[in-house]
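This briefing is meant to be read alongside the sequence and the coordinates. It takes up the surroundings of a ligand and then the packing of some helices.

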Amino acid sequence: MKFIFDRDTWQEIYGSIRKNKLRTGITIIGVMWGIFLLVVLLGAARGMENNFNKMFGDFATNSVFIWGQSTSKPFKGFQEGKRIRLKISDANYVRSEIKGIEFVVPRNQSQGFVVNKFKSLTTGVYGDFPLLDKVQKKNLVYGRFINENDIKEKKKVCVINDDIYKQLFDKGEYPIGTYIKINDINYLIIGHYKNKRMGGGPQGGIHIPFTTFQQVYNQGENIGWIMVTAKPNVNIVQVEADAKLLLNNLHKVHPKDGRAFGSFNLGDRIKKITGFLTGMQFLTWFVGIATLIAGVFAIGNILLITVKERTKEIGIRRALGAKPGEIRRQIVLESVFLTMIAGALGIIFGGFVLMIIDTMWGHGEGAALVNPTVNIPVILIAFITLIVLGTLIGLIPAQIAVSVRPIEALRDE
Amino acid sequence: MIKIKKLHKSYPVGKDFLHVLKGIDLHIKEGEFVSIMGSSGSGKSTLLNIVGLLDIHDEGSYYLNGQKIESLDEKKAAILRNKFLGFVFQSFNLISYKTALENVALPLYYKGIGRKERQEIALNYLDKVGLKDWAKHLPNELSGGQKQRVAIARALVANPKVVLADEPTGALDSTTTDSVMELLKDINDEGMTVFVITHEQEVADQTDRIVTLKDGVIISDEITEKGKKTKHYV
Ligand SMILES: Nc1ncnc2c1ncn2[C@@H]1O[C@H](COP(=O)(O)OP(=O)(O)O)[C@@H](O)[C@H]1O
Ligand SMILES: [Mg+2]
C-alpha cells in the first residue's frame, strides 16, 4: 500500500492524465453527473419527505374519520334517505368492539361569530375532549389544552390556534386569561397553539370543551364525527370497514349500505403518499446508480483507449524493469483516482445545488421541500461503491496493458 | 556473461512457422564489446531480444550471468532485466512527456530507489554522456544524437551487467554515429559488456568482435583489429 503515498505514483498518474486532458475531462463528467443526480434527487426526495413529516408529524396518522350521512337502502321498515347521526355511545362501541383501536375521539363542530374588542371573524368552533391532544398534538405557545375538569364542569373556556390569534389580537399581545365572545357568550382563553391545521374534518381554529359545546349548541348525545386511531401496525382500511359495519348494525342500516356513513381514511391516504415517496427514492437510486455505472464504464473505456495508445510506453517501461503488477496497479489507481475525483466533484456540486434548492423552495409557509439533505452514510456508500467500481473497471485495461508481451509492445507504433 | 547453446526460435506466420534462429551457439564473456552483423531479416533483433529477456526461445539453452533462463514469468523477467540489462534502441524509445533526467531515472524507480537518490544518480549519468545541462529538457527538444546519449545514460543508470543495443546508430548521421560509438567504447573500457547490432561495417569495426548472422545461423565470428589489442583475445 506504500505506493499510494508515493509521490512518484501520483506524478505518473498526473503525467498520463495531462496527456489526455480533454478526454479525461469528458469522462469525469459522466461519473460526476451520476453522483450529482443521486445527491440532488435523493436530497429532493428527502426534502419532500421532511415536508410531509412536518405536516403530519404531530398527527396520529393511522386514523380514519367517520361521520353520519343518509341511508341509500331501505332496511327493517325504514325508507332509504334516513338521516343518520352518530352518538356518544357509538364512539364507545367502536372503541370496545373493534380490534386494534388505540383511540376514538368524538368531535363536534359548528360555525361561530367570534369577537374580541373591535376585532371579529367567523370560524369553525369545535367541541373537543382532552384526548384530541393525544392524536393531534397541539404545540401550545401559551397555556394548556382542555382538561377533564373543563369537561366535567362544562367550563366556558377555549383554546385558539395561531390563525385565530393573529386575527383577533395585536402582535405580542398575551391572549391567555382574556375573554372572547363566541356567538355572544364569553369564553376564557386558556391556550394558544401553533400547528398548521392538517388532516380531515371541517375547518376551524377554536376548541371548547365537548360538554360545553353539547350544552351551548344543544347537541344532546349527537356528535359530528369520530376520529378513529388504530395502533401503529393495524390495517386502517380494515378498521374502517369493521367500524362502518358495526355502525350500520347499531343504527339499523342495511349491512351493504355504503352511504349511511361517510369517512376519510387519512392512514390510507398517507400510505399512498409515502409509497410514492419510497418509489421516488427507489427511482432515484436506480437512475443515479445506472448513471454512475455508465460513467464508470466510460472511465474504463477511456483507460482502455489510453492503454492502447500507451502500449509502446508500457513496453519501454517493462524493458526497463517494470513488473506487470506495477503496471497494473498504476492503471487501476488511475481509474480509482479519476472516479474518486469525479465522485467528489459530483457530491460537491450536488450539495451546492441542494443549497440553492433549499434557499429557493425550502423556506416559508408553503415550502415544498423541507431541509433537502442527503445522509453522510448514503454519500459514503455511494462513494465506496464508486471506488469499488472504479477498481473493478480499471482491472480490465490493466490486464490488457500487461497481456501484451513487452517485445510486441515495443514494436507498436 | 552470455552463454547460448543450440538456440532455436521460430515465429508463427499464419498456419506455418518461420524458423528464424536455427541453432545459435554464442559465448560472450564479461567485458567484451561484440557486434552482430547480417542482412535485414537474418534474425539479429530476434537474437538480441532473446538475450534481453524480451522474448523467449523455443529450444536450446541460454545462461545469463550463470543463471539458466527457462520458464520465466514476466515478473522474474522484469526483475532480471532491471538488474542485469540495459537497452539502447534504434528509435531511442524515450518517454515523450518525461524530461531527460526523468527518463534516465526510470530504471531506478523500478529498482525501488528513493526519489532524491534516483535524481542524483541519474544526473551523474547524464553528466557522463555530456548532457547535464539538458536534464530538464523533454526528448523532442533534443537532437537525435543527444536522445541516443540520454538512452545510453538510461541503459547504464541501474548499473547492469550487459548493455544491449539494437542498431543504436541506425537513425543517426555519421558524426553523431561516431560520438555514440565513442561513448559505447568508453563504457566498454570501464568494463561493461556491450552487445551491439549493426549493419554498418564502420560501426562494427569499432567493436572488438564481429559475429555475422545469415538466415538464422552464425556464419562467422571474428576478432577485429581493435579487438586483437584487448586483454580478452591475447
Ligand atoms: N513477431 C514476429 N512474428 C513473425 N515474424 C517475425 C516476428 N519478428 C520477426 N519476424 C521475422 O523474423 C525474421 C527475422 O527478424 P529480425 O530478427 O527482426 O531480423 P533483423 O533484425 O536481422 O532484421 C524476419 O523475417 C521477420 O519478418
Ligand atoms: Mg532488426
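The points below are grouped by topic, beginning with the ligand site. The model is predicted, and the values given here are computed from it. Residues from chains A and B surround ligand 1, so the site is shared between chains.

**Shell around ligand 1**

**Polar contacts and cover of ligand 1**

- From chain A, Arg411(A) places a polar side-chain atom 3.1 Å from a nitrogen atom of ligand 1.
- From chain B, a polar backbone atom of Gly41(B) lies 2.8 Å from an oxygen atom of ligand 1, and a polar backbone atom of Lys44(B) lies 2.9 Å from an oxygen atom of ligand 1.
- On its own, ligand 1 has 560 Å² of accessible area, of which the protein covers 67%.

**Helix packing in chain A**

- Two packed helices are described by the angle between their axes and the distance between the axes.
- Helix H2 (residues 21-56) of chain A and helix H12 (residues 376-403) of chain A have axes that come within 11 Å and cross at roughly 160°; because angles over 145 degrees count as roughly antiparallel, H2(A) and H12(A) are roughly antiparallel to each other, and their crossing is right-handed.
- Helix H9 (residues 266-309) of chain A also packs with H12(A), with axes that come within 9 Å and cross at roughly 30°; because angles under 35 degrees count as roughly parallel, H9(A) and H12(A) are roughly parallel to each other, and their crossing is right-handed.

Methods:
Residues numbered from 1 in each chain as written. Chains lettered and ligands numbered in written order. Predicted model: local features only at pLDDT ≥ 70, side-chain atom pairs only at ≥ 80, totals over all residues. Heavy atoms only, no water. Near = heavy atom within 4 Å. Polar contact = N/O pair within 3.5 Å; in protein donor to acceptor, adjacent residues only side chain to side chain. Areas by Shrake-Rupley, 256 points an atom, 1.4 Å probe, with all protein chains shown as cover. Axes fitted to C-alpha atoms, helices over the stretch in contact; angles between N-to-C directions. Helix = DSSP H or I, 4+ residues; strand = E, 2+ residues; numbered from the N terminus. Parallel < 35°, antiparallel > 145°, perpendicular 65-115°, else oblique. Left-handed = near helix turned anticlockwise from the far one by under 90°.
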